[in-house]
Amino acid sequence: MHLRLIPWFFIVLNFMEYIGSQNAARGRRQRRMHPNVSQGCQGGCATCSDYNGCLSCKPRLFFVLERIGMKQIGVCLSSCPSGYYGTRYPDINKCTKCKADCDTCFNKNFCTKCKSGFYLHLGKCLDSCPEGLEANNHTMECISIVHCEAGEWSPWSPCTKKGKTCGFKRGTETRVREIIQHPSAKGNVCPPTTETRKCTVQRKKCPKGERGKKGRERKRKKLNKEESKEAIPDNKGLEPSSDTPEQRENKDKQQQKKRKVQEKPQKSVSVSTVP
């Protein structure tokens, strides 16, 4: 009889019988290997043993062997633990251990994080990074070498000398630039960000209010000199005095007494006349 003539429910029925026979065969194999197989298991186990733990897992759970001392116990987990990667098969989903130098992995050939002392590069864990790359001790990865990048120079500043922009002939001018990209450990170091050069300006007097510190000091000295000249009495035509300092002091005291007597108001005397 042609296949298209067979009703669909017979096909479905035969398929279900096939699946049941496969499960029964797997159960018989497990019972032969583990005589203490129990069906009343906990923790996601489909079948289990009192000695070895889980022997098979419920659908979509991953089977993994955990070592406890010298003994290995099977457990069923929703996802594989760190250091393992999961693989799904038609009859079982299991967790497989990553390579020895790999801390976490996607599969046996692609690591996502390396153990201490190794650097990650393209899914592999290396003792040292390839040429043209450098090790990043923070992320433990091999990264590209980054060189320093500096921006454009600014215009030159006005020519100055000791903070002034006038009253001199030769001074200095400065320009600056910013760092756009800082280098990595093996990258080229950054160049200077400041430049200074000598400059010459036409000599000119500073406008009022822009005199420097030295200019103000010169002006103050000039004023003090003029005041000291005015304070010195003109002794031209006078004979030099030969008195001693004590004699001059006595004379000054006598002159002061005379001035006080002269400054006292004289009493007015009224004279009355008898008619």
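User: Which residue stands opposite Thr104 in strand 9?

Analyst: This is a predicted model, in which local features need pLDDT of at least 70, side-chain atom pairs count only at pLDDT 80 or more, and totals for chains, interfaces and linings use all residues. Residues are numbered from 1 along each chain as its sequence is written, and side-chain values use heavy atoms, with hydrogens and water left out. Strands are DSSP runs (E, at least two residues) numbered from the N terminus, and two of them pair if DSSP finds at least two bridges between them. Strand 8 and strand 9 pair in the antiparallel sense over four bridges, and the residue of strand 9 opposite Thr104 is Lys113.

User: What is the handedness of the disulfide of Cys80 and Cys95?

Analyst: A disulfide is a pair of cysteine sulfur atoms within 2.5 Å, and Cys80 and Cys95 are joined at S to S 2.0 Å. The torsion about their S-S bond is about -90°, so the disulfide is left-handed.

User: How many residues apart are Cys159 and Cys199?

Analyst: Cys159 and Cys199 form a disulfide, with sulfur atoms 1.8 Å apart. Cys159 lies in the loop between strand 14 and strand 15, Cys199 lies in strand 17, and their separation is 40 residues.
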